[in-house]
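Hello,

Here is the structure I promised to pass on to you. Please open it beside this email, and then read on for what turned up in it.

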Amino acid sequence: MASDPEDTNTESTVRQSTIFNQSDADVVFKSSDGVLFSLHKKNLDLNTGGFPSADFKDDNEVIELTEESDVLELLFQFVYPRQPPILSYLPFETVNALAQAAEKYVVYPAIGVCRAYMLYLASRYKPANAKEIVKYAAEHSYMEILDEAVVYIASEPLESSVSFFPPALQLPWALYRDQWIRIFDDAKFRLADHWNCCYRRNACEMSKHGSSHAATERLELADLMDMNFDDSLFCRNCNCEIIREWKKSIEGQAYGLRVPDPDSNNIIKYNPYFTMVSDSDESSTKWSEMFHKSDADVTFKSSDGVLFALHKIKLDLNTGGFPTVDFKSEYDEVIDLPETSAVLDLLFQFIYPQPPPGLSNVSFETINALALVAEKYIVYSAMGACRQHMLYRAKCGPDNITNIVKYAADNGYIDIIDEAAVYLASEELEDSISLFPSALQGPWALYRNQWMKIYHDVRFQLSGHGHYCNSSKSCSYGGGLYDGHPLAAQINIKNLQNVEFVDSYVIRPYCSRVADLKTNIQQQVKDLRKFSSFCEQGVNQ
């Protein structure tokens with residue numbers, strides 16, 4: 001009997017994953033685009049909460065899933081003891097689909113990594129996918145991500161944006177957004193006064209006779225979320241006291257905003273980030289409250305004397321640096337570790353099938369220690385979560401930047417160095433280059449040299465500024481200064497990263513020479529090559 005042509009066509013479209021094709025696998029999944037994934041129930045059982053357990057009998061039946069193969073290929077990598085996939089170079093659509101699949105199938109290692117990476121994306125200036133990030137964070141009550149992202153959707157109409165949030169967060173969202181509306185109304189009211197000043201002085205190219213300042217009509221709520229206001233709103237002469245005070249007022253109000261923090265039992269509260277040892281134990285032996293399993297078969301002791309009882313099979317399947325199941329030890333034999341109990345309590349949470357600990361409210365010192373110990377003991381899911389969280393910390397600013405770069409350089413995490421390099425460039429080369437292994441010292445010197453070229457160029461441009469101001473009488477600093485503008489003595493690489501510093505040293509910030517200088521600095525900084533572009537291909541990117 002001839003086979004059905006449709007059945008033949010269907011079979012021809014089925015493909016096998018090149019990564020997940022083990023011959024001894026005991027469960028097979030099929031993606032929505034027809035790719036088969038052969039896995040081991042034991043690994044699913046130990047690392048997830050939404051897939052069939054090891055006791056599930058399927059008689060070789062293929063389980064169809066709704067996700068596409070590219071998402072499942074990433075997701076299943078978190079199930080096995082291996083380096084987790086790097087998210088930095090993936091399109092947002094894929095990362096978002098992975099994050100949703102991780103929550104859907106309760107893949108604990110993937111949940112932690114995706115949460116940390118979404119926090120990093122939310123912290124970026126005007127993230128392109130702010131709505132999707134907010135929806136993800138709101139659905140899973142990841143408040144630290146909302147704290148970073150909600151500012152970028154405040155300009156959305158309330159009628160549409162409230163649908164991004166579950167009922168428990170809709171009122172906090174409306175109250176938060178209302179703060180921006182009040183600032184917006186106040187800003188437009190203050191601009192109405194600006195016309196009188198500009199009209200009397202005949203100083204503003206944009207003021208209109210018999211009307212308010214032109215910026216009043218063009219100002220939008222989204223503009224207020226950008227502290228460096230678009231030059232199209234104001235001309236160069238718009239530097240009267242009213243406008244300066246107007247900008248300061250908006251900045252002050254914006255920095256004082258409260259973020260959504262509802263007092264509701266429906267909101268997931270963060271668990272303590274490390275377990276406190278019971279005060280009732282009067283003996284010198286202290287046990288971790290979380291890791292004190294009666295059926296455990298290996299015991300570790302922290303540097304501050306806390307005991308952790310764990311299961312070797314969890315260590316064997318989820319790490320590469322702890323004793324394997326073949327390691328023989330009596331239960332009362334204790335293995336001393338040099339890490340503190342606070343760090344080990346976080347680390348061991350990544351080994352068991354449970355929601356990974358949130359890291360956003362943990363001190364940097366603890367995060368840094370956790371990241372280092374995760375690499376030391378090869379705790380794969382902790383390595384992925386720490387890497388993404390360090391990427392977020394690198395984006396946030398110069399605090400702890402040397403520790404972040406040292407961690408990233410030691411482990412070849414070039415994406416983190418790309419984010420952190422701008423803050424490290426102001427350090428002396430002799431000091432900063434020691435943070436890098438020999439293979440990355442050359443690329444670092446080349447990257448930093450770009451900043452030095454801008455630095456020398458700016459000083460050269462300022463060297464003639466005193467003559468210009470003295471002759472044009474346009475700058476209070478210019479008179480009698482023939483050895484260059486005093487700003488030249490204040491310039492450094494750190495200042496170049498914020499061109500507004502120019503206004504701090506020039507009485508009249510809109511002197512045409514200084515305005516041109518600011519534009520030139522901005523363009524040169526924009527054209528800088530990333531650190532990664534100087535690295536050889538294949539350095540763990």
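**Salt bridges**

Let's start with a pair of side chains: K104 and E67 meet in a salt bridge, with 3.0 Å from N to O. Please keep in mind that this is a predicted model, so every number here is computed from predicted coordinates. K104 lies in helix α4, while E67 sits in the loop between β4 (62-64) and α3 (69-77), so this pair ties together parts that are 37 residues apart in sequence. Are the two partners buried or exposed? K104 has 44% relative accessibility, so it counts as partly exposed. E67 has 13% and therefore counts as buried, since the cut-off for buried is under 20%.

The side chains of E144 and R115 meet at 2.7 Å, N to O. E144 belongs to helix α7 (residues 143-149) and R115 to helix α5 (residues 108-123), so the parts they tie together are 29 residues apart in sequence. Both E144 and R115 are buried.

The other salt bridge joins E156 and K131, at 3.5 Å from N to O. Because E156 is in the loop between α7 and α8 (158-161) and K131 is in helix α6, this pair ties together parts that are 25 residues apart in sequence. K131 is partly exposed, with a relative accessible area of 33%.

**Two helices side by side**

Two packed helices are described by the angle between their axes and the distance between the axes. For α4 (residues 92-104) and α6 (residues 130-139), the angle is about 10° and the axes are 11 Å apart. Angles under 35 degrees count as roughly parallel, which makes α4 roughly parallel to α6. Which residues make the contact? From α4 they are F92, N96, A99, Q100 and E103, and from α6 they are E132, I133, Y136 and E139. Sorted by type, the residues of this contact are 4 nonpolar, 2 polar and 3 charged.

**A sheet of four strands**

Next, please find the open sheet of 4 strands, which has the order β5-β7-β6-β8 and mixed pairing. At its edges stand β5 (286-292) and β8 (334-336), each with a single partner strand, so one side of each has no neighbour in the sheet. On average, neighbouring strands are turned by 30° against each other, direction ignored.

With β5, strand β7 pairs in the parallel sense over 3 bridges, and H292 stands opposite A309 in β7. With β6 (residues 298-301), strand β7 pairs in the antiparallel sense over 4 bridges; here F300 has F308 as its bridge partner. The hairpin of β6 and β7 has 4 residues between the strands, and in it G305 takes a positive phi near 85°.

How many residues of β7 are buried? The count is 5 of 5.

**One last residue**

Finally, look for H389 in helix α16 (residues 380-396). With 2% relative accessibility, H389 counts as buried. Leaving out residues up to four places away in sequence, H389 touches A116, L119, L359, S360 and I367.

Enjoy exploring!

Note on methods
Residues numbered from 1 in each chain as written. Predicted model: local features only at pLDDT ≥ 70, side-chain atom pairs only at ≥ 80, totals over all residues. Heavy atoms only, no water. Axes fitted to C-alpha atoms, helices over the stretch in contact; angles between N-to-C directions. Helix = DSSP H or I, 4+ residues; strand = E, 2+ residues; numbered from the N terminus. Parallel < 35°, antiparallel > 145°, perpendicular 65-115°, else oblique. Contact = heavy atoms within 4.5 Å. Nonpolar A, V, L, I, M, F, W, Y, C, P; charged D, E, K, R; others polar. Salt bridge = Lys/Arg side-chain N within 4 Å of Asp/Glu carboxyl O. Buried < 20%, exposed > 50% of the residue type's maximum accessible area, 1.4 Å probe, protein only. Pairing = 2+ DSSP bridges.
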